[in-house]
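Let's walk through this model together, starting with a charged pair and then moving on to helix packing and confidence.

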Amino acid sequence: MSRSGNNQIVSVVLWDVVPVIGTYYVCRALSVSEYAAMLTAASVGFLRVAYVAVRQRRFDGFAAFMGVVFGVGMILSLLTGDAKFLLAIKSVTTAVAGLIFLGSCVVGRPAAFAVAKRFGAEDADTARRWDVLYAAEPMFRRTYLVMTLVWGIALLVESAVRLPLVYWLPTDVMAGLSSILLVATIGLLGAWSAWYGKRGEEAAKKASSSEAGSRDAVPARTLSDD
């Protein structure tokens, strides 16, 4: 994953997080209750997802996931009337995302490769080149397998850390801290992925060039022997 891809991931997270946090604290400054402020903030997040889907005229997997996160959270919050529960739902969905990453390794389609193509490929040629490397080079496939495992484990750890804090700390604290933990986790994972993915691509290219050189050298040796 390229550095530009890392920036795109952080940008997406910020656009989906900052308006939600800002809405919550503006509501609280206006003396709105914790529950109503949290519900309003969740509504802003859901509207943000809907706006992006309409503007781009498509509703891809990432937008669908974010829509489910906000939609389910709002419905359950309406049923329970508990602001902390709405925060807890976010931790649960992060854990589900982590499990999806790990599950994609089990079925042989590491999710990090699809994410890297969406956020890291500068153009269609880059995406095609990665597809060729992925199909031909085991080393390149291993890079994205490791990357997917790291993302899955990291998201599960982040969820495990964040969930107890939801009930230990005041809601006004966790409304911001919860999102900061998520952004920090995604940012660190994105930076590491940019470095690790680039290193993996370079190693795969060298291995591919070495194999091609060996194949070309065989006829030459055979000819000289004759």
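Start with Asp172, which forms a salt bridge with Arg28, their closest N and O atoms sitting 2.9 Å apart. (A salt bridge here is a side-chain nitrogen of Lys or Arg within 4 Å of a carboxyl oxygen of Asp or Glu.) The pair ties together distant parts of the chain, 144 residues apart: Asp172 is in helix H8 (residues 171-225) and Arg28 in helix H1 (residues 3-29). By that rule, the count is two salt bridges.

Before going on, a word on the ground rules. This is a predicted model, so to speak of local features takes a pLDDT of at least 70 and side-chain atom pairs count only at pLDDT 80 or more, while totals for chains, interfaces and linings use all residues. Residues are numbered from 1 along each chain as its sequence is written, and side-chain values use heavy atoms, with hydrogens and water left out.

Now look at helix H4 (residues 83-106) and helix H7 (residues 138-168), whose axes come within 8 Å and cross at roughly 160°. (Axes are lines fitted to C-alpha atoms, for helices over the stretch in contact, with angles from 0 to 180 degrees between N-to-C directions; helices are DSSP runs of H or I, at least four residues, numbered from the N terminus.) H4 and H7 are therefore roughly antiparallel, the label for angles over 145 degrees.

Confidence is highest in H7, at 91, and lowest in helix H3 (residues 61-80), at a mean of 62.

Notes: Helices (H or I, at least four residues) and strands (E, at least two) are DSSP runs, numbered from the N terminus. Angles under 35 degrees count as roughly parallel, over 145 as roughly antiparallel, 65 to 115 as roughly perpendicular and the rest as oblique. pLDDT is the predictor's confidence in each residue, from 0 to 100.
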